[in-house]
Amino acid sequence: MTLTKNTFIGEYSYSLDLKGRINMPARFRQALSKNNKNTFVSTRGMDSCIWVYPLSQWLEIEKNLRSLSSLSKIHRTFVRNTARYAAPSTYDKQGRITLSPSLIEYAGLEKDVQIIGMINKMEIWNPIELNRTDKQTIKIDPAAYDDLAEKINI
């Protein structure tokens, strides 16, 4: 099955090494378009996880962040909290990227990690925190899911 370039789906279990490196799934590396120069940008996610974008997608986010007004306190705070933790990483010959210590701490990563494809990005989770978050998600009103499913024609 051939997916659109820069599309990431599926879930994978990997280990974080002592140097803060994590292997990116081969399927995700293969999905990365050439204009990304084998580079991903990692930053804090909205949940207790790390968001990892292909470089080209991150450049679009940067463009949108630039359009926010620095005169607005909420805009400044949003840009600051998105950009300050962002770090590019080009994967090495073993397919590993390096995560910053602050991102590792934020996501509570230890040795075992889950990498989840989220269409235009990936999420890196501590499996215990992901399980906790999944259990909270169950409490979401099923009608809200139904409304969303109708919007995207599932």
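## Cores and overall fold of a predicted model

The largest nonpolar core of this predicted model has 22 residues, and F40, L99, L109 and I124 have the most contacts inside it. A nonpolar core here is a set of buried Ala, Val, Leu, Ile, Met, Phe, Trp, Tyr and Cys residues joined through side-chain atoms within 4.5 Å. Buried stands for under 20% relative accessible area, exposed for over 50%, and partly exposed for what lies in between (1.4 Å probe, protein chains only). At least two residues of this core come from each of α1 (26-31), β4 (50-54), α4 (101-107), β7 (112-117) and β8 (122-125). The most is given by α4, with three residues. Apart from this core lies another of ten residues, including Y53, I116, W125 and L130.

Contacts are heavy atoms within 4.5 Å.

| Residue | Residues in contact (heavy atoms within 4.5 Å) |
|---|---|
| I124 | I22, C49, I50, V52, L99, A107, L109, V113, Q114, I115 |
| T7 | A31, I119 |

T7 is found in the segment before β1 (11-15). It counts as buried because its relative accessibility is 17%.

The chain as a whole has six helices and eight strands, in the order β-β-α-β-β-α-α-β-β-α-β-β-α-α along the sequence. Helices (H or I, at least four residues) and strands (E, at least two) are DSSP runs, numbered from the N terminus. The radius of gyration is 16 Å, close to the 15 Å that the globule rule gives for 154 residues, so the chain is as compact as a globular protein of that length. That radius is taken over C-alpha atoms, and the rule is 2.2 Å times the number of residues to the power 0.38. The C-alpha trace spans about 45 × 40 × 35 Å along its principal axes.

Of the 154 residues in the chain, 34% are buried. Among contacts with a separation of 6 or more, 62% are between residues 24 or more positions apart. The chain exposes about 10000 Å², of which carbon and sulfur atoms supply 53%; accessible areas come from the Shrake-Rupley method with a 1.4 Å probe.

Residues are numbered from 1 along each chain as its sequence is written, and side-chain values use heavy atoms, with hydrogens and water left out. Because the model is predicted, local features need pLDDT of at least 70 and side-chain atom pairs count only at pLDDT 80 or more, while totals for chains, interfaces and linings use all residues.

Definitions and conventions. Lists of a residue's contacts leave out its neighbours within four places in sequence.
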